Amino acid sequence: MKSKKLVDGVILFSFENRREMTLSFCRMQEYYESPNPALFRKKFSLYDFLMNSMSEKGNIEYFSYWSGFNVPGEIVNDWWILHGDDTSAAEQAIFNELQRHKIDFSKPFYIIGALKGDKRVVKHEIAHGLYYTN
């Protein structure tokens with residue numbers, strides 16, 4: 001994973017593969033806007049996420065249908081308050097990068113995730129970030 005400040009308050013996280021990207025963002029994204037009431041704005045483990053995303057046959061399509069992620073700063077802050085004592089290495093890396101970029105957690109900010117070189121998705125996710133921060 002690499003991160004880059006695109007504009008003030010908008011950080012892009014780029015990933016080599018979809019598995020790494022999805023594992024980094026899935027819990028924050030589902031906390032933010034999951035249609036599943038067991039995950040939406042709740043504290044849940046990665047195991048809980050997998051169980052709620054898995055079909056009866058054991059398939060998890062979630063990892064193949066998201067091409068990018070976007071999460072507003074206020075959600076990142078709320079998620080961190082709930083999950084900060086139980087983060088994966090990938091989730092912790094996102095917070096480490098936010099600190100490295102000197103993000104002011106009291107001001108609007110936005111994080112986006114996309115596969116390295118996927119300009120179409122990056123452009124789409126940047127639009128979310130710019131709308132939120134302006």
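What is the volume of the largest pocket? In this predicted model, the largest pocket has a volume of about 180 Å³.

**The largest pocket**
- The lining of the largest pocket comprises 14 residues.
- Nearest the centre of the pocket lie Glu30, Pro35, Ser53, Tyr62 and Tyr65.
- At least two lining residues come from each of H1, helix H2 (46–53) and helix H3 (62–65).

**Aromatic pairs**
- A total of 14 aromatic pairs is found in the structure.
- In one of them, the ring centres of phenylalanine 49 and tyrosine 62 are 4.9 Å apart and the ring planes stand at 80°, so this pair is edge-to-face.
- Because phenylalanine 49 belongs to helix H2 and tyrosine 62 to helix H3, the pair ties together parts that are 13 residues apart in sequence.
- Tyrosine 62 is also among the residues nearest the centre of the largest pocket.

**Crossing of H1 and H5**
- Helix H1 spans residues 18–33 and helix H5 spans residues 89–100; their axes come within 8 Å and cross at roughly 80°.
- The two helices, H1 and H5, are therefore roughly perpendicular to each other, since angles of 65 to 115 degrees count as such.
- On the H1 side, the contact involves Leu23, Ser24, Phe25, Arg27 and Met28, which meet Ala90, Glu91, Ile94 and Phe95 of H5.
- The residues of this contact divide into six nonpolar, one polar and two charged.

How values were computed. Residues numbered from 1 in each chain as written. Predicted model: local features only at pLDDT ≥ 70, side-chain atom pairs only at ≥ 80, totals over all residues. Heavy atoms only, no water. Axes fitted to C-alpha atoms, helices over the stretch in contact; angles between N-to-C directions. Helix = DSSP H or I, 4+ residues; strand = E, 2+ residues; numbered from the N terminus. Parallel < 35°, antiparallel > 145°, perpendicular 65-115°, else oblique. Contact = heavy atoms within 4.5 Å. Nonpolar A, V, L, I, M, F, W, Y, C, P; charged D, E, K, R; others polar. 1 Å grid on protein atoms, 1.4 Å probe; cavity = no way out; pocket = protein on both sides within 12 Å on 5 of 7 lines; lining within 4 Å. Points joined across faces, edges and corners; volume = space filled by probe spheres on them. Phe/Tyr/Trp six-rings, centres within 6.5 Å; stacked < 30°, edge-to-face > 60°.
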